[in-house]
Amino acid sequence: MTEGFSPKKPLYPVISVLSCILILAIGLVTAKKMTGLYYLAAVWALFLALGFWKSCLKILPFAAVVCGLFGGLTYLVSRDVGAVTAAICRGLAVSAAAVPGLSMSPARLCRNLSKLGAPRSVTLGAMIAVGFFPLLLGEIRQVREAMRTRGTGG
């Protein structure tokens, strides 16, 4: 399901996972500073330059909802612009960290973890975790289409 989001030269799956963790960690640590926004802008630009534009476009609605929700709630609670900026920066960090994961094939991740000597339970768990959401979205799409065909539901 994620093959449609893959760039022409995808990252090695273990590097994708490590980059997700690193982007998230640095983004959360620098969230309260203005450098956090510069860092995340550079990460987005790097993804676009590396050909991850489909994944970037796919994650933008999620990023807008998360940033709007957390930014709005933070403003309602604290009325502090700095806290709102930090909340938005955290939402952008989570969104940016998801981009390499979106373009990674679950089967390829499982094969690479097996080659690295990871236990079978770890490789199977990783494959299920990475493949679950695209599979769930496909099933939801199929159910909605079936309901629309039968004339029920919205």
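Helices here are DSSP runs of H or I with at least four residues, strands are runs of E with at least two, and the numbering starts at the N terminus. Helix 5 covers residues 106-115 and helix 6 covers residues 120-150, and the two pack at an angle of about 160 degrees with their axes 9 Å apart. That angle makes helix 5 roughly antiparallel to helix 6. The labels work like this: under 35 degrees is roughly parallel, over 145 roughly antiparallel, 65 to 115 roughly perpendicular, and the rest oblique. Axes are lines fitted to C-alpha atoms, for helices over the stretch in contact, with angles running from 0 to 180 degrees between N-to-C directions.

On the helix 5 side, the residues that meet helix 6 are Pro106, Ala107, Leu109, Cys110, Leu113 and Ser114, and their partners in helix 6 are Thr123, Ala126, Met127, Val130 and Gly131. Contact means heavy atoms within 4.5 Å. Sorted by class, this contact has eight nonpolar, three polar and no charged residues. The classes put Ala, Val, Leu, Ile, Met, Phe, Trp, Tyr, Cys and Pro under nonpolar, Asp, Glu, Lys and Arg under charged, and the others, Gly among them, under polar.

All of this comes from a predicted model, in which local features need pLDDT of at least 70 and side-chain atom pairs count only at pLDDT 80 or more, while totals for chains, interfaces and linings use all residues. Residues are numbered from 1 along each chain as its sequence is written, and side-chain values use heavy atoms, with hydrogens and water left out.

Stepping back to the whole chain, there are six helices and zero strands, so from the N terminus on the elements simply read α-α-α-α-α-α. The C-alpha trace spans about 50 × 45 × 30 Å along its principal axes. Of the 154 residues, 31% are buried, where buried means under 20% relative accessible area, exposed means over 50%, and partly exposed lies in between (1.4 Å probe, protein chains only). The accessible surface comes to about 9700 Å², and carbon and sulfur atoms hold 72% of that. As for contacts between residues at least 6 apart in sequence, 75% join residues at least 24 apart.

Asn112, which sits in helix 5, is buried, with a relative accessible area of 8%. Setting aside neighbours within four places in sequence, Asn112 touches Tyr12, Pro13 and Val14. Arg111 is in helix 5 too, but Arg111 is partly exposed at 49% relative accessible area. Between Arg111 and Ala64 there are 47 residues of sequence separation and 34 Å of space, C-alpha to C-alpha. Over in helix 6 lies Arg120, which counts as exposed at 59% relative accessibility. Arg120 and Cys110 are ten residues apart in sequence, and their C-alpha atoms are 9.1 Å apart.

Another pairing involves helix 2 (residues 34-49) and helix 4, whose axes come within 10 Å and cross at roughly 25 degrees. Helix 2 is therefore roughly parallel to helix 4, and the crossing is left-handed. Helix 2 contributes Gly36, Leu37, Leu40, Val43, Trp44 and Phe47, while helix 4 contributes Thr85, Cys89, Leu92, Ala93, Ser95, Ala96, Val99 and Pro100. By class, this contact holds eleven nonpolar, three polar and no charged residues.

One backbone detail remains. Most residues other than glycine have a negative phi. Arg79, however, has a positive phi near 55 degrees. Arg79 is found in the loop between helix 3 (53-78) and helix 4 (81-102), and at 53% relative accessibility Arg79 counts as exposed.

Definitions and conventions: Accessible areas come from the Shrake-Rupley method with a 1.4 Å probe; for residues, only the protein chains shown count as cover. A crossing is left-handed if the near helix is turned anticlockwise from the far one by less than a right angle, and right-handed if clockwise.
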